[in-house]
Amino acid sequence: MSDRTVLHVKGRVLAGPEDVRDELWAVDGRITYERPPGEALTVTGWALPGLVDAHCHVGLDKHGPVPDEVSEKQALTDRDAGTLLIRDAGSPSDTRWVDDREDLPKIIRAGRHIARTRRYIRNYAHEIEPGDLVAYVAQEARRGDGWVKLVGDWIDRDEGDLTACWPRGEVEAAIAEAHRLGARVTAHCFAEDSLRDLVEAGIDCIEHATGLTEDTIPLFAERGVAIVPTLVNIATFPHMADGGEAKFPDWAAHMRRLYERRYDTVRSAYDAGIPVFVGTDAGGSLAHGLVAAEVAELVKAGIPPVDALSATAWGARTWLGRPALEEGAPADLVIYDQDPRADVRVLAAPSRIVLNGRVVG
Ligand SMILES: [Zn+2]
């Protein structure tokens, strides 16, 4: 590793939202703010910590698990969009090999999705009944990197609408077991009715969270439960509703209501102090590499630009327990020609991607 070129990043280094420095160096893949001796390759611009996509799926497409070469392409697409840290929100593929690749984004895994029998997309999840929930949560907590992913609600074909998937007692025991094993728990929830039980059972995060209301927002805020709205995914709700309209009209109407109030929901959550993070839901039916589009959506919902940036940069990294641009941290950063704080659309066109101290894009 010592034969590596020293990299010198000059311009405006955004070590924090208000912590702007003139330069940094990457030596042996690590950040330093002390000028090292010798020659360096210099790159110039506005530097952000490698972006975080907190809801992304590597090793998955709309039919289920994919071969490793497809997973590799997914990870490269994310990387080239500036996503250098992924919280994988559930994958049926074993992507552990990615950890040995210095040219691919770092992944924090949540194991495989855990869903109720026939209550999720085919080939994605362990589909189980409540009596097995604690055992499966323990298994996935051991397989993952500190997170477990539940499917908290889904269409119930007998009811013809979204309904909660897990009884309160089982979910409480399962979340307690995950916490005992040092893992946090998150759940996919579109609708309103699963949220109170999950939060009171001690859940750490909710994905999508379109069903937040005046009733549940204060509860999330009080308990510090984060949300990852995935607005680029919620944008597809009308299309999903059209597809299911004939068989499930109530469900379709429900999905449209959740869609219509999506920006108000996210803004109300933010205003109440609920931590909001950037996630794209890439890898199911959505493309990889949409991180800039999701940040733009959060701004459209009314989150101030610097906070929307933090939701994919400094704040997201702190939440996930990973460093940003600190001395000694892995030199994972993205460089832009302009200040992304002034206009988050800048994120759509990174000029340089630096991963482990090397320019990779
Ligand atoms: Zn997802």
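Predicted model: local features only at pLDDT ≥ 70, side-chain atom pairs only at ≥ 80, totals over all residues.
Reader: How do strand 19 and strand 20 pair, in the parallel or the antiparallel sense?

Author: The general idea comes before the case. Helices (H or I, at least four residues) and strands (E, at least two) are DSSP runs, numbered from the N terminus. Two strands pair if DSSP finds at least two bridges between them. Here, strand 19 (residues 352-355) and strand 20 pair in the antiparallel sense over 2 bridges. Leu355 stands opposite Arg358 in strand 20.

Reader: What is the order of the strands in the open sheet of 7 strands?

Author: The order is 3-2-1-4-18-19-20, and the pairing is mixed. Strand 3 (30-32) and strand 20 (358-359) are the edge strands, each pairing on one side only. Strand 19 is in turn joined to strand 18 by 3 bridges, with the two running antiparallel. Strand 4 (residues 41-49) also pairs with strand 18 in the antiparallel sense, over 4 bridges. You can follow Val334 of strand 18 in both pairings: Leu48 stands opposite Val334, and Val334 stands opposite Ile353 in strand 19.

Reader: Which way do the residues of strand 18 point, and are they buried or exposed?

Author: To read burial, count neighbours. A residue is buried if 20 or more other C-beta atoms lie within 10 Å of its own, exposed if 12 or fewer, and partly exposed in between, with C-beta atoms placed from the backbone. In strand 18 (residues 333-336), Leu333 and Ile335 point one way, Val334 and Tyr336 point the other way, and all are buried.

Reader: What about the open sheet of 3 strands; which order does it have?

Author: Its order is 5-8-9, with parallel pairing. Strand 5 (51-56) and strand 9 (106-109) are at the edges with a single partner strand each, so one side of each has no neighbour in the sheet. From one strand to the next, the twist averages 20°. Strand 5 pairs with strand 8 (residues 83-88) in the parallel sense over 4 bridges, and Leu51 stands opposite Thr83 in strand 8.

Reader: Which residues of helix 2 are buried?

Author: An α-helix has 3.6 residues a turn, so residues three or four places apart point the same way. In helix 2 (residues 133-143), Leu133, Tyr136, Val137, Glu140 and Ala141 are buried. Seen down the helix axis, they fall within an arc of 135° (taken from the directions from the axis to the C-beta atoms), so they line one face of helix 2. Ala135 and Arg142, on the other side, are exposed. The cover over the buried residues includes strand 10 (114-116), strand 11 (126-128), strand 12 (147-151) and helix 3 (168-180).

Reader: Which residues does Ala183 touch?

Author: Two residues are in contact if their C-beta atoms, placed from the backbone, lie within 7 Å. Leaving out residues up to four places away in sequence, Ala183 touches Ala141, Gly144, Gly146, Trp147, Val148 and Ala178. Ala183 sits in the loop between helix 3 and strand 15 (184-189). Ala183 and Trp147 are 36 residues apart in sequence, yet 5.0 Å apart in space, C-alpha to C-alpha. Ala183 counts as buried because it has 23 C-beta neighbours inside 10 Å.

Reader: At what angle do helix 7 and helix 8 pack?

Author: Axes are lines fitted to C-alpha atoms, for helices over the stretch in contact, and angles run from 0 to 180 degrees between N-to-C directions. Helix 7 (residues 237-244) and helix 8 (residues 249-260) pack at about 170°, with their axes 8 Å apart. That makes helix 7 roughly antiparallel to helix 8 (angles under 35 degrees count as roughly parallel, over 145 as roughly antiparallel, 65 to 115 as roughly perpendicular and the rest as oblique). Among the residues that meet are Phe237 and Met240 in helix 7 and Trp251 and Met255 in helix 8.

Technical notes
Residues numbered from 1 in each chain as written.
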